[in-house]
Each structure stands twice: as C-alpha cells, then as structure tokens.
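Have a look at the sequence and the fold first.

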Amino acid sequence: MKQVIRDGGVPIKIWTDEVEESALTQLKNLSRLPFIARNGVAAMPDVHAGHGSTVGSVIATTKAIIPSAVGVDIGCGMNAVRLSLKASDLPDSLAKIRSQIERDVPTGKGGDHRQDAQIQLNATRLPTPTAKAKRAIEKGVYDDKVDGWQWAVEKAAKQLGTLGGGNHFIELCIDENQDVWIMLHSGSRGIGNVIGTHFIKEAQKMMDLWYIDLPDRDLAYIPEGTHLFEQYVEAVSWAQHYAFENRALMMEKVIHALSLHIGKEFTITQEAINCHHNYVERENHFGENLWVTRKGAIRAREGDLGIIPGSMGQRSYIVRGKGEKTSYCSCSHGAGRKMSRAEARRTFTVADLRAQTEGVECRKDEAVLDEIPGSYKDIDVVMANQADLVEVVHILKQVLCVKGA
C-alpha cells in the first residue's frame, strides 16, 4: 500500500502515489457514504476517474449497492488459456489468422450474429434466469417493446459470443517459455447495458423520492431489504453469468479460427482463467458479510489466478493472488488509462499508433487511435505498485490483437 487518505469518511487505501484529482474527489465522495464498510475503500494502482465512482476501486458496502459502481458492462472481464503450441508453430504472418477471427467473432458496438441458426444455438447457452431476474430484465427494456422478455432474449442471444468495442480485445500472446496463449476481454454486451442503465435510473428515482442529497447523482444506491434491491441482485447475477459464458463461447471460436491456419493439432495446457473485473458479489471480510463491488479490479484471494493486461503494445501478466486483506483480496484489472479517449486522439497520430504497435498484427487506423498504448499507464509500474497483492506467474507479450472499434 502506498498511502492512506482520511477526509471525513472511512479510510481510502491507495496502491499508487499518482492519483488524478478527479479520481481522488470520487474516492472521497465514496468514503463519506454511510453504508461503506468501516475498513474503507481500496484504490488499485491503475485507478482513474470513472462515471460516479472510480475505475480501479474496490467498494465494500453494508446493506446497499451502487448500480453505477457496478456499471453497465456488468461482468466485464478476462479469459485466457495456454496452448500446446510454441511461438515457432505460428506462421510468419498472422494476418490470415486475424482476418479469420474477425470473420468468426462479430466485433464493434452493436455487433451480433445474424444467422438464425447461430442465434438459436446461442440461445441454448444463455444462463437460466430466476423469475425475479426475468422480471427485472423485462422492466429494463425499451417501453415500445410489446414482449420485453422475448426482445431481451433475442438481443442477448444475438450478441452471445461477440466482442463489442472500446477496449475489448482478442489477443494471441507468447509467454517467457515461448508458449502460445489466447487472451480476450469482454463483458455482458447490450443486455448488460440495458440492465445497468435501468437500475441506475431506478436508484436515482429512489434518491429523489426519499430526498437524499448526494455529492454525485451517479452514487445513487439501492438499500438492501427493498424489492428493487432483490430485483437488482438477481438481474446483475444473471448478467455476470452471461458475461462469463460470452467469453467462454468466444474462446471456443478463437481456438477454432486458429486451428484453421495452424498445420498441426494442439491442445489446451492451462485451463481457462475466467475472471470478472466489473461486478458485485457477497463476500466475508474482517468478520462481516459485505457486498463487494469491484469496478475495474479483480479478486485476488490467496492462490487465485488472474489476468492483468497491458495495452496492445505492452506486456500482460498472469498472476496469483496473495490474499491481501486490506485490499479486500483484490488487485488491478489492467494498466488503466492515463488519458481520456478524446485526449488520446488530440495527442497522437496514426503514425504514432503504428510505431507503438510495431511487431503486433493489429488494426493501425484512425478508428482505434484512442486505444494507442501511449494513452495507458505503464503496466510495469502498475505491477510494481501491487507486489504485495499478487505474484507474477507468467509474462505475456502480444503478437496479434483484434479490436472492435
């Protein structure tokens, strides 16, 4: 831990010396809420400002959840597997493999599977919702839909096994032993957005109804014991399972795409590491049963395997948790942005992008300029700052990256 800040609320424990002022303000606002656990808020070394609450924060609460802290990409996280392939087994050019992955896995905002057979197949993989989750999801869909639940199922099925846009990615990586890994990053797609947006608005309505004044409207919360709370927990649990299955299905597609361009059979030698980094779960810490929201953070209990990616021009890490109690057994979820997307576009050029991703088979055009490595924090500094939270198991270097712009 680098520093502890007290500002009228519970302590803020921070694993970096550098915190932007806007992020620090958000952390202070969080720390003063009456339902935050007494052991404080934890800020990971990739911390930066988000909507309402800080990205790279671990928020333990008693009898309340903040929907915007969980966010709208519920269950967003990582999946990685190691293959029996060596770097020498890959072709000199990875362009055909990238094209195959981009054909087989729909990418980008709104990207979905459009064949009826594919949609029907995906629908069979959807997690079965409880009655409460079904009602909550149905209420979250657009008002002009005659059958809200049927619309939600169709939307979810179309997007199951798809990448999305922004910082979501699929990568081939090589580790220190020259072993090949597949690593990918995605969440609950459009259906998670529908659920998250709905409950954020409902929480804000509840604050208005009860005349609760907050320093930031996005800190609106849902108290435990209310009907809305029960609905939210059921719906968010469903979305987290959806996100987990989304990554698993994409991994299957990427393995198949790779097999079409590799002249030998291969197997998985490291079972899938599949971890959320935007989610909420009930956990016990310091002798209390708490709701723990990790917004841009992963669970790192003693022995837990996790994935901490850098940008598409840096290294990524497979780590093992040390179970550090003061962080609520958590660690960072990646490098973390040091520039907004707009600032990155003002600062860098496509030529900069090409230079910073040299040696990586990836898009190098205007559409992905805001994902340039220079817009992210140095992953090695992030890792050094959390040496008490995780130990490094493998160091991965990207050789191919698919982005959904």
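Predicted model: local features only at pLDDT ≥ 70, side-chain atom pairs only at ≥ 80, totals over all residues.

You'll find Cys-329 in the loop between strand S15 (315-321) and strand S16 (330-332). Its phi is near 50 degrees, which is positive even though the residue isn't a glycine. Most residues other than glycine have a negative phi.

Phe-286 also has a positive phi, about 55 degrees, and isn't a glycine either. Phe-286 sits in the loop between strand S11 (278-285) and strand S12 (288-295). Is Phe-286 buried or partly exposed? With a relative accessible area of 36%, Phe-286 counts as partly exposed.

## Helices H7 and H8

Next up is a helix pair. Helix H7 (residues 189-209) packs against helix H8 (residues 227-259) at an angle of about 160 degrees, and their axes are 10 Å apart. Angles over 145 degrees count as roughly antiparallel, so that's the label for H7 and H8. Their crossing is left-handed.

Who meets whom? On the H7 side, the contact includes Ile-191, Ile-195 and Phe-199, while H8 brings residues including Tyr-232, Trp-238 and Tyr-242. Sorted by type, the residues of this contact are eleven nonpolar, two polar and two charged.

## The two sides of H4

Which residues of helix H4 (residues 116-123) are buried? They include Gln-118, Ile-119 and Asn-122. Looking down the axis of H4, the buried residues fall within an arc of 100 degrees, so they line one face of the helix. Turned away from that buried side is a face with the exposed residues Asp-116, Ala-117 and Gln-120.

How values were computed
Residues numbered from 1 in each chain as written. Heavy atoms only, no water. Axes fitted to C-alpha atoms, helices over the stretch in contact; angles between N-to-C directions. Helix = DSSP H or I, 4+ residues; strand = E, 2+ residues; numbered from the N terminus. Parallel < 35°, antiparallel > 145°, perpendicular 65-115°, else oblique. Left-handed = near helix turned anticlockwise from the far one by under 90°. Contact = heavy atoms within 4.5 Å. Nonpolar A, V, L, I, M, F, W, Y, C, P; charged D, E, K, R; others polar. Buried < 20%, exposed > 50% of the residue type's maximum accessible area, 1.4 Å probe, protein only. Arc of directions from axis to C-beta.
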